[in-house]
Amino acid sequence: MSVIYLLISISLIIALLFLYAFFKAVKNGQFDDDYTPSVRVLFDDSVTDSKTETSPTAVSPKTIQND
């Protein structure tokens with residue numbers, strides 16, 4: 001029975017060490033994303049014009065058929 005108490009206490013100490021290491025890494029900026037902001041300009045943003053979508057006279061490329 002004393003072995004169980006020893007194993008539980010050792011596992012709690014190890015868990016606390018990992019928790020401390022995690023918080024220290026977060027504080028030091030280990031998980032900051034430095035890559036995405038530099039390539040964000042390369043991503044295609046789809047900007048739609050609301051006037052074109054709601055206008056009844058606007059012709060969309062889908063309605064034009066090539067004969």
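Accessible areas here come from the Shrake-Rupley method with a 1.4 Å probe, and for residues only the protein chains shown count as cover. On that basis the protein chain exposes about 6900 Å², with carbon and sulfur atoms supplying 63% of it. This is a predicted model: local features need pLDDT of at least 70, side-chain atom pairs count only at pLDDT 80 or more, and totals for chains, interfaces and linings use all residues. Residues are numbered from 1 along each chain as its sequence is written, and side-chain values use heavy atoms, leaving out hydrogens and water.

**Fold and confidence**
- The protein chain has three helices and zero strands, counting DSSP runs of H or I with at least four residues as helices and of E with at least two as strands.
- Average pLDDT (the predictor's confidence in each residue, from 0 to 100) is 80 for the protein chain, and 69% of the residues score at least 70.

- Of the 67 residues, 3% count as buried; buried means under 20% relative accessible area, exposed over 50%, and partly exposed in between (1.4 Å probe, protein chains only).
- Val26, found in helix α1 (residues 2–27), is partly exposed because its relative accessibility is 42%.

**Aromatic rings**
- Two aromatic pairs are counted: ring centres of Phe, Tyr and Trp (its six-membered ring) lie within 6.5 Å, with planes under 30 degrees apart stacked, over 60 edge-to-face and the rest tilted.
- Phe22 and Phe23 make a tilted pair, 5.7 Å centre to centre with 55° between the planes.
- Phe22 also pairs with Phe31; the centres are 5.9 Å apart and the planes at 45°, so this pair is tilted.
- Phe22, Phe23 and Phe31 form one aromatic cluster.
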